[in-house]
Amino acid sequence: MDWITILIATDKSFLWCNDGPIGYKEIEGVEKMLGTWNTIIKTPYIQIYSILTISEDENGVSLKMVTEPFDMNISFKNIKRIGNVLKASGSDARGMTQEMELIFENNSFSGTLTSPFMGKTTFNGKKGRGLSLSDKLEDYGEKSVQENRYWKGKWIWDVKQPEANENSEHVLVYFRRTFRAPEGVNPNLKLDITADSRYRLFVNGQSVTVGPCKGDRHVQYYETVDVSKYLVQGENVLAVMVVRYPSLEPFKEGEGGPISIWRSQSAGLFVEASLKDDTGLELESLHSGSEWKVYRHKGYRHAPKTLIKWMGGVEEVDGQGTPHNWELPDFDDSSWIPAIPFAETRGFAGNLSPWNLVPRPIPFMYEKERNFIQVTKVEERDETQARLFLQSSQPLLVPAYKKLMIEMDAGELMTGYLTVGVQGGRGSVIRMIPSECYEPEDSDPARMRNKGNREDTSGKLIGEPDVYHVAGIGNREGSAEIYEPFWFRTFRYVRLEIETNEEPLELLYANYRETGYPLDVKAQFQCSDEELNILWDLSVRTLKRCMHETYEDCPYYEQLQYSMDSRLMMLFTYLVSADDRMPRRTIADYYRSRQSDGMLQSRYPSTQPQIIPSFALYWIDMLAEHYEYNKDHDLIVTYRPAMLQLLDWYHERLTPEGIVGVTSNRYWTYFDWVTEWPFGAPPESIDRPMYLLSLMYAASLRKAAKLLRVTGWNDAASELERRADNVCNAVRNLAWSEENQLFRDLPDTEIYSQHSQIMAVLAGVVDGEEAKKLMERTLNLQKYRVSLPYSYLLIQALKKTGLQHRIFDLWDRWRVFLSQGLTTLPEMEVNPRSDCHAWSAVPLAEFPGTILGIKPEEAGFNKVIIEPQLGKLQWAKGSVATIKGIVEVDWSLNQDNFLLKAKVPEGVTALIKLPDGSERSLRGEGQFGCKLVKSDISVSLYK
């Protein structure tokens, strides 16, 4: 049954109707009726929770009714009392007459409500507010409260939605809602806000938040923000700017806006806000509706660019169309038009809205004011003046009909909102070009990048410009004209170009606000090899730069959440912070990306669906590793059906020989960026299956079986294990080369990649001494070698076969970055497109996991193993974040004396495995030592 709550509240000063304020003669004895009363009105159609408030002031008696689940908005008038009976009539928002009669007796009452829609309905009630609908639903859990929330705001825009012929245009629209906070009252304002496609919220000129958190066609996230601290007594304003990205199907890369930002066919802003006093009494409703005012920017244009086509290009803005200072309370918005409400949050009888409102699942992004650290190049201006401008905020004057070019260095690769402030210069053009690094003049992003030392500033910057046409308003009263592109940019260096027209321009400042996910890095690592210490720092920074509202493959070019990348970044997040909020939302994202046959998209959220069959299996890894690090039983239970449906997708495509067949040519057969595989897989894979996919499938079956066992689905687990054994046997029979003692990648070929050998070990096709010898041969392969991210799986195979000591040699592939001036880790080793790709931050997992030797022995870190690998190091120390607390390790080797100090959280037991083969148990804090003879040292260091 549907439940509806009706609330009747009193305006303490005046009651208004269509004709203005209503006043009445005093009704004798009415004081016994004053106050708040609650009831539930039951109709054949719906049950209405109600709160009635009756008050009296110098204007007479007033009666206000507020209702849930919808607001009936009845303005009562003609209030009369006869003894203990109160009668009133009024009209609702549709103009329909409503009549009410209330009979009071002590602390209770009975009544009738007569309306054309419901007829005559009787009810009983009591004194006080009673239980609200939300209070009642709390008995049935948080989900019941959330899913049954009745919103009072409306979706609003400046024109009715959807717009005709506007689906290919990017639009910038401004909204304002002014209100007064009464004198002597401490105002409280907590609001919920979201928009299609993106918004930034200001309160009295202060930027408060940006959103909504990236969602998809199934969830529209909203932010809940307490803005009370920004309010003042007197005039206030809520100001929101909204960018609308077009909804294009099929999607057009470079034209349709950022691929990672979902949008519907209609644009809109939605706000739920109620100004209250300290007692919780509503002072004014600020929900989005026709009371809001709106203005559409007349000179906002999208500029498609192929270099960052996944980001949807850049913007070009005419300052003449910008309502400067629009976010301030005293701005004159008299020429703005009322907003048009065009949609409710739900339809009638189960008809769904395009926007399924769901609370934001992750923290807000942080924003931090930052300055560039130095000027790298200047044209048309003395370099000393440019440096003074940057270092001491001394303005730079650009005369009429002149040009200025400054290139600035942020000191490290950064994600942030670029900002310039100017005065004068009407008609001038400003271009801001963010870039990752300088490149030689012959470097061509359309063909071949040629990146060298990122500290070398002798080349050119490659990037796409945001363009601003100056309005010249900055001359008035000394105010600055400010331009900031709506979306954040990624850069180490920024080129600022200014070309003036007939008026000179004064450049006041050029800076940025750093932004990103508020990752609390708790883990630490140091060792006797300074190069590894630097790699740790680069890895941490890379992870942070690739975390915003989702995990991102790279912040400069795509900002898309790919499953291969995200699986690794989730692992890194557990180890450095133990924060699983982003991992949980990522798991949920891919769950919602499901196709009808169970297959998952390779990147999500995304307005452009893409399928990579190998990538879908990383979702199983995500679930298995979330359980290993967090032991969240309920999360696995939630996703069991989808996990089985996904695995059935591969089962249904098994050939008679028992391997996964050739996948659809609608999908991308991709496994890894390999020198010999420029498109991610051997060209022969177009007409024959890759054994590698079968091996990945078998490994996923085994992981899924373990998850099913811990959640009680033992029969299903046994079935998955049987399927895994069958696939492994099939691969062994079909792919094994006796001559080469390796697994080939495809039928009837002599292609032997490291990838197939690694997955043969991890899937359990081979084990024991055979697996160890296979991995030794794998390390010697000179072709078809794994990339940096796939090296994580190589390391796991080495650990499984007892070859941990060989891991140290792999770090040489990362050491080359130290001579390249990089401040983050790139996508690949040679001429990478992206200088920041978190899938390369493998040291975040393996420095703690291998060198410190910390790993969970039991899911959830109730038990931990500490088994350090020494390599050629003399000492190492650091810590890992777990859901139980911090695990600390500090070991050193002095000649043949090994000493290890460790500390684990309360309630955690550690098994200490020393290099001499001895084992110790630890609870709390302790230190352990052993004397290593030469054979022990050689085992630990080299064997």
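**Close-up views of a strand trio and a helix pair**

Lys42 stands opposite Gln47 in strand E5. This is a predicted model, where local features need pLDDT of at least 70 and side-chain atom pairs count only at pLDDT 80 or more, while totals for chains, interfaces and linings use all residues. Residues are numbered from 1 along each chain as its sequence is written, and side-chain values use heavy atoms, leaving out hydrogens and water.

View 1. Strands are DSSP runs of E with at least two residues, helices are runs of H or I with at least four, and both are numbered from the N terminus.

View 2. Nine bridges join E5 to the antiparallel E6 (residues 60–68). Take a look at E5 (residues 47–57) too: ten of its eleven residues are buried (under 20% relative accessible area, 1.4 Å probe, protein chains only).

**View 3. Helices H12 and H13 cross at roughly 160°.** The axes of H12 (residues 754–763) and H13 (residues 768–779) come within 10 Å; axes are lines fitted to C-alpha atoms over the stretch in contact, with angles from 0 to 180 degrees between N-to-C directions. The crossing angle therefore makes H12 roughly antiparallel to H13 (over 145 degrees).

Technical notes. Buried < 20%, exposed > 50% of the residue type's maximum accessible area, 1.4 Å probe, protein only. Pairing = 2+ DSSP bridges. Parallel < 35°, antiparallel > 145°, perpendicular 65-115°, else oblique.
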